[in-house]
Amino acid sequence: MRSVEEQQARVAAAAVAPRPVRVAIAESQGLMCAEEVVTERPMPGFDQAAIDGYAVRSVDVLSVGDGAGEVSLPVMGSIEAGARTPSRLQPRQAARVQTGAPMPTLADAVLPLRWTDGGESRVRILRSVRSGAYVRRTGDDVQPGDVAVRAGTIIGPAQVGLLAAVGRDRVLVHPRPRLSVMCVGGELVDVSRNPGTGQVYDVNSYALAAAGRDAGAEVNRVGIISTDAGELRETVEGQVNRNEIVVIAGAVGGAAAESVRTVLSELGEMEVARIAMHPGSVQGFGQLGRDRVPVFLLPANPVSALVVFEVMVRPLIRLSLGKRQPMRRVVQARTLSPISSVAGRTGYLRGQLMRDQDTGEYLVQALGGAPGASTHLLATLAEANCLVVIPSEVDEVRTGETVDVAFLAQRG
């Protein structure tokens, strides 16, 4: 039986990021930048007022507060944000300015409105101001030749804003890996139909497609596919040729799964093995097609399939996105109830993670992990916000003991 870490290493070795593409910056959020975005012009491109107030020469208001009497200056006009006509300030003059307005020539500071009486034709100065105060100088943010966004940076709201600020409408990124999800099983019907005797709804293609989108993939949910050898080969071959990752649920265990593996073996390398984890110990992984696309075979049970996806498939998606840390964040938490695991296998058990308001300590309540409980209840997985990770050498965890807990996506 292969360890979880060994199987994860085999999967990670197959990670291949899609070729970079150029996209609109509005579509780049969450993707990794694939180029050094070098600034061609300074930002800001001109000296501008950082706040509403009065543009002045600082030397003209230095005497305020020094006992030299009141200082007032004539207001030569008003300059709005976006003004394109150059203006010039004469000695011992002021100009009313809006935030973002270009500074008039000779002015080297902005007096905030609260430091004046707000006069329109003449303004009384209540405080002095130092040179450069409340002014954004040309190139304060970025100088020509500076790197605005580096290759390898995950583009977030700040990076999108910076790209817009330097005049870039498109950027080269590593795109989301394309993931195809399909299911096999004669008992399956789509949720749009009423199941007959012996039939069940296709849960896996919907749940796994959602898990793929949550991981950052561009997902194509194929749904239920035929197990006829010719049709199966045509379908899988088509999906392998147009996706970076393929997931097939229901393709391990039973005679039908054996026939599926026989067909897949004609397209490349495919191995079904026992992995020292539960649930979902029996799973398959291989690389099919001319591009050796990673293909996963997952159990039919929805909980087992989702856990295998979380442990094996999700990290591959994150690696393909260029994430440096593909695994979920792990914290230590104290158990609120006993947990039973399977000796010799790493357990990934559902749980609710919470935090003690007084001590800040993490606490975890196992869901379905009590002695004798089933590990295959989908309803408890929907209630879980974490997976409790139980080492393979441990089969019983007592109340109050500390365990590792992996955060799942937060529900909004």
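**Helix 3 and its surroundings**

Helix 3 takes in residues 204–215, 12 residues in all, and stretches 16 Å from first C-alpha to last, close to the 16 Å expected at 1.5 Å a residue. Here the expected span is 1.5 Å times one less than the number of residues, and helices (H or I, at least four residues) and strands (E, at least two) are DSSP runs numbered from the N terminus. The model is a predicted one, in which local features need pLDDT of at least 70, side-chain atom pairs count only at pLDDT 80 or more, and totals for chains, interfaces and linings use all residues. Residues are numbered from 1 along each chain as its sequence is written, and side-chain values use heavy atoms, with hydrogens and water left out.

As for confidence, pLDDT (the predictor's own score for each residue, from 0 to 100) averages 88 over the protein chain, and 94% of the residues score at least 70. Over residues 369–375, though, pLDDT is below 50.

Which residues of helix 3 are buried? They are Asn204, Ser205, Leu208, Ala209, Ala211, Gly212 and Ala215, where buried means under 20% relative accessible area, exposed over 50% and partly exposed in between (1.4 Å probe, protein chains only). What covers them includes strands 13, 16, 17 and 21, plus helix 6 (302–320).

Asp214, also in helix 3, is partly exposed, at a relative accessible area of 39%. Its C-alpha lies 9.0 Å from that of Arg314, 100 residues away along the chain.

Methods
Contact means heavy atoms within 4.5 Å.
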